[in-house]
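Trainee: I would like to learn how to read a model like this one, feature by feature. Could you take me through it, giving the general idea before each case?

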Amino acid sequence: MDDSSAHGSPESAGSAQPAPARPVLEAPDIARVLTRIAHEIVERAKGADDVVLLGIPTRGVHLAGRLGAKLEEITGRTVPVGSLDITMYRDDLRMGPPRALARTEIPAEGVDGSLVVLVDDVLYSGRTIRAALDALGDIGRPRAVQLAVLVDRGHRELPIRADYVGKNLPTSQRETVRVQLAEEDGHDGVLLGARAAQDAGQLADDARHGGNAPAG
Amino acid sequence: MKRHLISAADLTRDDAVLILDTAEEMARIADRPIKKLPTLRGRTIVNLFFEDSTRTRISFEAAAKRLSADVINFSAKGSSVSKGESLKDTALTLEAMGADAVVIRHGDSGAPHRLATSGWIGGSVVNAGDGTHEHPTQALLDAFTLRRRLVGQEGADLAGKRVTVVGDILHSRVARSDVRLLSTLGAHVTLVAPPTLVPYGVESWPCEVSYDLDAVLDTSDAVMMLRVQRERMNAAFFPTEREYARRYGLDGERMARMPEHAVVMHPGPMNRGMEITAQVADSPRCTAVEQVTNGVSIRMAVMYLLLGGSSPSGPSPSTTQEPGMQHRAGSSEENN
């Protein structure tokens, strides 16, 4: 799930544009960060023989593709890359109109016995990853599951942490983090912005309490 | 999308394409070891069947169960309906039990519309076939099958495809829904039937009518054979079954005259030897079995899109009623 939409939730879409967003990562930074994460995966997985990368739509899929290419450069082997849509496993489905589904594409080799690295753009509440773990459980039984994210912005609501983090970004819940990738947005970048003042309080409130509502 | 699915006319092109695209994702679930999603956990779906059905009922049941909804099957036989309970009282009972959606098949045209608009129940109503009116999920699965076979691209519609529907148009709710939905999706529909089996008012439908099957075969991308509904043949609509089969049945020789890529469809159940020969029914160009498989995916998509979000926030059931609605409900024919 691109977390930009998770906290830049539908309610905020129509609100007035706040102060201009500040770039925190530029295109070269993102490239460097992904190279480092690829090396870390190879190091921790002792060669990454059985690694399967699963990106969470939309931007996680593009990041997984880039990571896969970097792993291939390092190890000289093809790394299976797929996508895992978590829409049907979300705990907030009942809190909005039905969401369009994205594509789940599991590599032909399957995930049984492999080391699955979930890839997402922003780690925030951790609810997306909770949903991804549930979705993965219905698809197969990996040897282990790890998590790689481009940005960890904190404010976890579940006991979930990332194994590979591109950048730790301390944020307030009044801020928004927007990841832009060339495949989707035409250029690379991570922007930190402020939410419109009048609904910031209410949204932060939603972010805290929304989670406590009965899950679907 | 609206809260109910009563008629294929309720769907815009974008609604229909969204359902087809969602169904593509649902179809992938069938390839997984665990064919189940937690999405509708805690929701109750009632299958309210006043008419016999195997295919449609188990298809809806399978779809609801794959989405983890609780399913209550209700068939008129062996229920209080056989003691004379009215549709209204049955509906109030279901409402009291907290049904989130009611899938209804009824012998009378307009029964689902009545159920949806008279304020008896608060949940969604899905039409699973009413009399000779409509059967929208069948039309959706037909469109899904056509798109997979003829277009093979998600997000697309059926623009420019020529679909020929052959047989008992008069009694066919499938034909009515197909004409509406397929034309919404940009396909060009031609109905072929003996003049006695063409309904009154067909000239206002978005389709063409022909009495000669052979004349349209070579320009059809798909030929859909309808079942001759013996149970509804209460008058002499054609002289003999043999004559019908010879003029309007699809045999190997006719199939050979269809374009190379064209497919043969049948909503089932088939009368082999009547509207379709065994040779055609068993050929790889016939999509009858595929249509059944696709039916589950389509119904999952419909259920997800109707029930997957927040509970309908519209006005409460008693206030949705419009004056005059009840009178309209009974005579759905005017919609045709």
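Predicted model: local features only at pLDDT ≥ 70, side-chain atom pairs only at ≥ 80, totals over all residues.

Trainee: How many residues does the contact take from domain 1 and from domain 2 of chain B?

Mentor: One counts the residues on each side, and the contact takes 27 residues from domain 1 of chain B and 24 residues from domain 2 of chain B. On the domain 1 side, helix H1 (13-29), strand E4 (124-130) and helix H11 (288-307) of chain B each supply at least two residues, and H1(B) gives the most, with eight residues. By class, that side of domain 1 of chain B has 12 nonpolar, eight polar and seven charged residues.

Trainee: In what order do the three strands of the open sheet in chain A run?

Mentor: One reads a sheet from strand to strand, and in chain A the order is E1-E8-E7, with antiparallel pairing. Strand E1 (22-26) and strand E7 (175-180) of chain A each have a single partner strand, so one side of each is left without a neighbour in the sheet. The twist averages 20° from one strand to the next. Helix H3 (residues 27-44) of chain A lies across E1 and E8 of chain A, running at about 45° to E1(A).

Trainee: Is B:Thr56 buried or exposed?

Mentor: Burial is judged by counting neighbours, with 20 or more other C-beta atoms within 10 Å as the cut-off for buried. B:Thr56 has 23 C-beta neighbours inside 10 Å and therefore counts as buried, whereas B:Gly268, with 15 other C-beta atoms within 10 Å, is partly exposed. Both B:Thr56 and B:Gly268 are among the positions that an unreviewed UniProt entry lists for "binding site".

Trainee: Where do B:Thr56 and B:Gly268 lie?

Mentor: B:Thr56 has its place in helix H2 (residues 55-66) of chain B, and B:Gly268 is in the loop between strand E9 (263-265) and helix H10 (278-281) of chain B. Leaving aside neighbours within four places in sequence, B:Thr56 is in contact with B:Arg105, B:Ala128 and B:Gly129, and B:Gly268 with B:Arg55, B:Ala288 and B:Val292.

Definitions and conventions. Residues numbered from 1 in each chain as written. Chains lettered and ligands numbered in written order. Contact = placed C-beta atoms within 7 Å. Helix = DSSP H or I, 4+ residues; strand = E, 2+ residues; numbered from the N terminus. Nonpolar A, V, L, I, M, F, W, Y, C, P; charged D, E, K, R; others polar. Pairing = 2+ DSSP bridges. Axes fitted to C-alpha atoms, helices over the stretch in contact; angles between N-to-C directions. UniProt positions renumbered as here; feature names shortened; annotations may be inferred. Buried ≥ 20, exposed ≤ 12 C-beta atoms within 10 Å, placed from the backbone.
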